[in-house]
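Here are a few exercises to work through with the coordinates open beside you. Try each task before reading its solution.

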Amino acid sequence: MKPRCRVNGCANVRAGHSLLCSKHRSRKRRHGHEEQRTISKGDLKPFIEKVQARIAKQPDAKLWSVLDQRWDIVTTNWRAELPKTIVRYVRAGMKELVRLADTASGRDVAVTVIAMYLLQEYDPRLFKDETGFRTQLVRRVRTLSSTSFSHWSGASDGRERRAMKELEPRTTEYLSGLLVELFGAAGVRVAQVENREEEEQRKERLAYYEALGEVK
Ligand SMILES: [Zn+2]
């Protein structure tokens with residue numbers, strides 16, 4: 001009998017020399033882990049809104065313009081000339097960043113990255129491991145640009161379909177490293193501040209209920 005896929009509950013046979021079936025092997029390739037679920041636009045939306053509210057609350061904080069500048073410096077330099085490298089996936093990752101900059105704003109990319117950090121803080125179990133997180137981070141950022149998709153029509157219902165153009169896993173990993181280097185510290189910081197505020201609100205509510213209880 002052929003050995004089964006190593007994913008719990010999956011009855012498919014392994015593909016080639018992989019420990020996974022072909023379905024889970026391609027999921028690992030596209031999503032960073034064989035059991036990583038896709039983080040949808042809807043999953044991230046409340047956290048995008050939190051980041052936008054944070055910016056609106058303190059619009060003059062230097063951090064926001066620093067994030068814009070960090071994006072502009074890298075993408076402008078690389079658009080003029082890509083750093084010399086013979087490593088194929090590094091070059092592919094750099095080109096992908098420049099391509100993103102042609103169609104998406106640095107601010108939107110920064111907000112998306114920070115929102116992913118908030119989501120991870122809020123529900124760490126959504127991510128199977130660091131590669132799962134980083135792969136979903138890259139997917140959410142690439143969704144900002146319509147050029148990340150191939151479009152086709154001709155489905156039986158006549159509606160247009162789109163699918164995200166695949167990147168090699170190593171290119172995704174490199175690109176996620178760039179995004180984390182650009183905006184990761186901001187993500188960590190905003191997540192801390194959000195946490196602190198939620199804790200303060202919780203204490204304030206608790207004090208209120210205690211005070212209510214004191215009145216006889
Ligand atoms: Zn499987």
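**Exercise 1. Is phenylalanine 127 buried or exposed, and which ring does phenylalanine 127 pair with?**

Step 1. Phenylalanine 127 has a relative accessible area of 9%, so this residue is buried (buried means under 20% relative accessible area, exposed over 50%, partly exposed in between, with a 1.4 Å probe and protein chains only). A word on the source: this is a predicted model, where local features need pLDDT of at least 70 and side-chain atom pairs count only at pLDDT 80 or more, while totals for chains, interfaces and linings use all residues. Residues are numbered from 1 along each chain as its sequence is written, and side-chain values use heavy atoms, with hydrogens and water left out.

Step 2. Ring pairing applies to Phe, Tyr and Trp (its six-membered ring) with centres within 6.5 Å; planes under 30 degrees apart are stacked, over 60 edge-to-face, and the rest tilted. By this rule there are five aromatic pairs.

Step 3. One of these rings belongs to phenylalanine 47, whose centre is 5.3 Å from that of tyrosine 122; the planes meet at 55°, so this pair is tilted. Phenylalanine 47 sits in helix α2 (residues 41-57) and tyrosine 122 in helix α5 (residues 106-122), so the pair joins distant parts of the chain, 75 residues apart (helices are DSSP runs of H or I with at least four residues, strands are E runs of at least two, and both are numbered from the N terminus). Phenylalanine 47 is buried at 7%, whereas tyrosine 122 is exposed at 62%.

Step 4. Phenylalanine 127 pairs edge-to-face with phenylalanine 133, at 5.1 Å between centres and 85° between planes. Phenylalanine 133 is buried too, at 1% relative accessibility. Tyr117, Phe127 and Phe133 make up one aromatic cluster.

**Exercise 2. Where does glutamine 136 lie, and which residues is glutamine 136 in contact with?**

Step 1. Glutamine 136 belongs to helix α6 (residues 130-142).

Step 2. Its relative accessibility is 0%, so glutamine 136 counts as buried.

Step 3. Contact means heavy atoms within 4.5 Å. Setting aside neighbours within four places in sequence, glutamine 136 contacts His31, Gln36, Arg37, Thr38, Ile39, Met116 and Phe127.

Step 4. A polar atom of the glutamine 136 side chain is 3.0 Å from the backbone nitrogen of isoleucine 39.

**Exercise 3. What should the 17 residues of α2 span, and which residues of α2 are buried?**

Step 1. The expected span is 1.5 Å times one less than the number of residues. For the 17 residues of α2 that gives 24 Å, and the end C-alpha atoms are 24 Å apart, so the two agree.

Step 2. Leu44, Phe47, Ile48, Val51, Arg54 and Ile55 are the buried residues of α2.

Step 3. Their cover includes α3 (62-80), α5, α6 and α7 (169-214).

Terms used:
A polar contact is a pair of N or O atoms within 3.5 Å; within protein, one must be able to donate a hydrogen and the other to accept it, and residues adjacent in sequence count only if both atoms are side-chain atoms.
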